[in-house]
Amino acid sequence: MDGDVPLLRARGVTRYYGSRVGCRDVGLDLWPGEVLGVVGESGSGKTTLLGCLSGRLEPSAGTVEFRQRDGRVVDVLRMPEPALRKLARTDWGIVHQNPRDGLRLGVTAGANVGERLMALGARHYGQIRSAAVDWLGRVEIDRERVDDWPETFSSGMQQRLQIARTLVTEPRLVFMDEPTGGLDVSVQARLLDLLRRLVTDLGLSAIIVTHDLAVTRLLAHRLLVMRGGEVVESGLTDQVLDDPQHPYTQLLVSSVLQP
Amino acid sequence: MSAYNFAFLDEQTKRMIRRAILKAVAIPGYQVPFGSREMPLSYGWGTGGVQVTASVIGPDDVLKVIDQGADDTTNAVSIRRFFVKTTGVRTTTRTDQATLIQTRHRIPETPLAEGQIVVFQVPIPEPLRWLEPRETETRKMHALEEYGVMHVRLYEDITRHGHVETAYDYPVLVNGRYIMRPSPIPKFDNPKLDRNPALLLFGAGREKRIYAVPPFTSVRSLDFEDHPFTIERWDQTCALCGAADVFMDEIVVDDKGGRMFVCSDTDFCERRRGR
Amino acid sequence: MYVAVKGGERAIANAHRLLAEDRRGDPSVPELSLDQIDKQLALAVDRVMIEGSLYDRELAALAIKQARGDLIEAIFLARAYRTTLPRFGATRPIDTASMAIRRRVSATFKDVPGGQILGATFDYTHRLLDFDLIGGQRNRATSPDEPAPDGGDVAPGGDLAAPGGELAALGGRLPRVIDILDRDGLIESEEPDSDRRAVGDLTREPLDFPAGRDVRLQSLARADEGFVLALGYATQRGYGRNHPFAGEIRVGEVELELRPEELGFPITIGEITVTECQMVNQFKGSAAAPPQFTRGYGLVFGHAERKAMTMALVDRALRCRELGETPASLAQDEEFVLYHGDNVEASGFVQHLKLPHHVDFQSELVLIRTLRAEAEVRAR
């Protein structure tokens with residue numbers, strides 16, 4: 001039964017900004033444990049698509065369905081807001097491009113990581129704190145920094161803290177918007193490694209939006225290539241990147257500088 | 001004052017406020033919006049409490065008004081005079097003889113009884129206000145029981161100070177569902193809220209909210225299992241009556257920093273001294 | 001030996017007596033009459049009526065006298081009195097198009113049907129203290145370069161609008177400048193809400209968000225003048241710019257009509273003076289509709305142009321949501337503007353800090369002493 005229904009299913013997702021196309025007629029299926037990459041240049045519609053899939057933007061047309069833990073399939077776009085908010089805090093995770101958008105800057109790292117646990121009813125300070133310390137270790141942040149404010153962290157550390165904060169409740173689906181954007185190349189590499197391990201260890205499903213093909217190569221099982229709001233090519237990551245069919249994909253692939 | 005209705009407010013307004021009170025009692029701890037009226041007292045000086053009292057008071061009530069635990073602090077005097085002028089009801093300083101008690105910042109030390117009503121004056125009703133300034137957001141958070149951020153605040157305090165930093169207006173969980181601000185009573189008074197036999201009504205005039213804790217309702221101060229809620233203690237006893245486990249006022253008696261401590265609840269103190 | 005302090009009652013009674021004495025001041029100075037306040041401090045009376053939400057010049061004058069000139073205190077008195085008044089019903093909406101005009105100007109066109117009527121205004125005065133105003137009745141001394149008043153006023157670059165002449169040609173009504181733009185479809189039309197719900201009443205229901213435009217306008221009308229002024233000013237300086245032009249400002253008398261149920265037809269119950277401002281703002285457009293100018297609206301009791309204008313600026317700023325604009329400043333933040341404009345609420349809450357807080361303070365003292373003691377122990 002479970003194997004027949006994807007975790008997330010989108011059909012015909014379309015969103016206009018006035019007369020301008022944000023994204024048009026996008027469909028996808030995401031299965032448990034699968035990472036889907038959405039690539040394209042800025043203006044391709046990938047961020048719009050992510051917004052629509054996660055219920056934060058209202059599409060002009062289309063459906064998005066999510067299979068909950070209890071097996072029931074819910075219509076994300078027609079869910080009442082309370083239910084959507086609850087979903088976003090428990091079974092979903094969001095990693096923003098700018099970690100400051102996904103963190104509480106005015107409280108300590110420990111509080112940031114512990115918040116979701118407290119929202120779910122955790123009431124033992126010592127246990128919440130050690131869970132936070134544990135997670136800091138898992139995202140390779142010095143555990144001594146549990147009582148420090150995110151303001152004092154480097155941007156790479158802030159990004160890892162954001163990831164810890166989101167993953168602490170082990171959500172089944174994580175949306176990531178340019179998770180390595182704005183980071184130094186070496187920091188990026190380390191972050192990607194971490195993400196890859198976490199995805200495998202936790203059996204996460206994820207949709208990662210990025211303009212960086214290297215990110216998809218490392219993390220994504222499958223790819224959607226977007227251009228001008230439409231999906232021009234899709235398939236297994238290696239196939240699409242090694243043997244691109246669409247001229248635009250070919251252009252993208254060939255323009256990546258080879259070291 | 002004969003030109004004014006009994007208790008100043010017109011009957012329509014009283015009815016409107018009573019409806020809000022009934023709703024509040026039906027949903028313990030939930031803030032009910034109401035059409036607060038301008039009163040002859042300033043906003044921030046107890047208009048919410050006054051409107052609630054004015055809506056429930058009847059000619060046979062016996063009214064006590066206290067501020068900081070005392071019957072004759074200036075604002076308590078002012079409010080008591082207002083009700084005497086507009087209702088002519090009997091007033092008292094004795095907690096055990098009052099049917100209706102309007103209070104600012106204290107719960108009387110004398111235990112309350114079934115049938116009594118206590119009306120609290122509330123400046124800021126919203127417990128999440130310092131964490132989230134927008135009303136649209138906080139209403140959603142209450143509706144969805146999104147209280148994680150409240151405990152984040154407590155977690156932070158313990159991390160930084162080893163204690164929760166809130167000394168008064170300490171947030172509580174009412175009937176296991178809504179988080180509520182008990183008004184700026186010292187946390188010392190919070191345990192009195194739990195399963196109190198009296199009806200507790202809370203009025204915020206400026207912010208236009210009414211909420212309630214019905215008799216015998218569970219009220220738990222927020223804490224962590226390993227950092228349980230504690231109340232204030234003094235080494236001293238009351239210099240006038242010798243009481244120990246009461247909330248004390250600190251009086252500076254000379255210019256060398258000499259101090260003495262006396263009961264904040266003047267009625268309680270007087271009765272212990274046999275006055 | 002310390003004795004618990006008593007005597008709060010007596011202290012308050014004495015304080016009231018002292019206040020009454022201070023209010024009267026030196027008994028050898030003539031006492032102010034309500035008439036003097038109403039006629040010679042008319043603009044103060046207007047402000048108290050506006051923010052007190054109560055149109056009664058005599059009551060407003062009384063409030064000003066009782067409040068010793070503190071207008072926010074006077075507004076409080078007016079509002080508290082208003083609470084006690086029974087409500088008979090609601091008048092029909094006033095028709096500002098049939099206003100008996102005392103003053104009417106427009107910045108959008110050099111000349112308009114009916115003309116630019118300057119009326120009595122501070123606008124073109126030179127702000128020089130006029131020492132001739134000291135000491136009661138005097139013959140009005142006109143300085144050499146000022147023409148003697150002749151009953152008509154000349155607007156810069158405008159026609160001399162002789163009431164009676166041109167007005168007669170317009171059917172006795174001065175058409176609104178905005179209507180010129182409206183006729184050509186250049187400005188968004190202002191239609192009543194399609195959902196036919198009752199108009200909200202801020203004085204009877206608590207604020208709810210998102211707030212409808214009716215409630216927003218009520219809130220702005222009775223909001224503190226300085227607050228709305230600052231916000232309007234801020235929009236002009238870039239905190240949510242909307243390119244305003246003063247389409248029309250008119251001051252004058254309008255009739256109030258009430259339709260009592262017993263009669264079944266409307267009767268005129270009186271007239272009031274109002275100031276109305278219509279701002280013409282940045283034009284919008286969408287995929288579906290071509291660009292049009294948008295509007296801001298201000299309407300207040302009495303003669304109060306500054307208030308009406310700033311009200312219109314902030315009204316337009318708060319319409320950002322329905323016009324598809326991204327709010328960028330506090331002036332466009334509905335909750336911020338509507339919550340903090342009420343000076344009676346604000347004044348009360350700020351001044352409540354004067355009330356005793358020694359119990360809360362004692363709690364703080366206990367806590368801080370505990371923390372310091374623990375810190376000391378740790379330091380050893």
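1. In chain C, C:Val274 stands opposite C:Phe301, a residue of strand 4 of chain C. Strand 3 (residues 267-284) of chain C is joined to strand 4 of chain C by nine bridges, in the antiparallel sense. Strands here are DSSP runs of E with at least two residues, helices are runs of H or I with at least four, and both are numbered from the N terminus; two strands pair if DSSP finds at least two bridges between them.

2. This is a predicted model, in which local features need pLDDT of at least 70, side-chain atom pairs count only at pLDDT 80 or more, and totals for chains, interfaces and linings use all residues. Residues are numbered from 1 along each chain as its sequence is written, while chains are lettered from A and ligands numbered from 1 in the order in which they are written.

3. The open sheet of chain C has four strands in the order 1-2-3-4, with antiparallel pairing. Strand 1 (100-105) and strand 4 (292-301) of chain C each have a single partner strand, so one side of each is left without a neighbour in the sheet. From one strand to the next, the twist averages 20 degrees.

4. Helix 10 (residues 305-318) of chain C lies across strand 2 (245-258), strand 3 and strand 4 of chain C, at about 140 degrees to strand 4 of chain C. Axes are lines fitted to C-alpha atoms, for helices over the stretch in contact, and angles run from 0 to 180 degrees between N-to-C directions. Two residues are in contact if their C-beta atoms, placed from the backbone, lie within 7 Å.

5. Chain B has seven helices and twelve strands. Its radius of gyration, taken over C-alpha atoms, is 19 Å, close to the 19 Å that the globule rule (2.2 Å times the number of residues to the power 0.38) gives for 275 residues, so chain B is as compact as a globular protein of that length. Of the 275 residues in chain B, 53% are buried (20 or more other C-beta atoms within 10 Å of their own, with C-beta atoms placed from the backbone).

6. Chain B also holds an open sheet of seven strands, with mixed pairing and the order 1-9-8-5-4-2-3. Its edge strands are strand 1 (32-33) and strand 3 (90-91) of chain B. Strand 5 (residues 117-121) and strand 8 (residues 199-204) of chain B run parallel, joined by five bridges, and B:Ile117 stands opposite B:Leu199 in strand 8 of chain B.

Key
A residue is buried if 20 or more other C-beta atoms lie within 10 Å of its own, exposed if 12 or fewer, and partly exposed in between; C-beta atoms are placed from the backbone.
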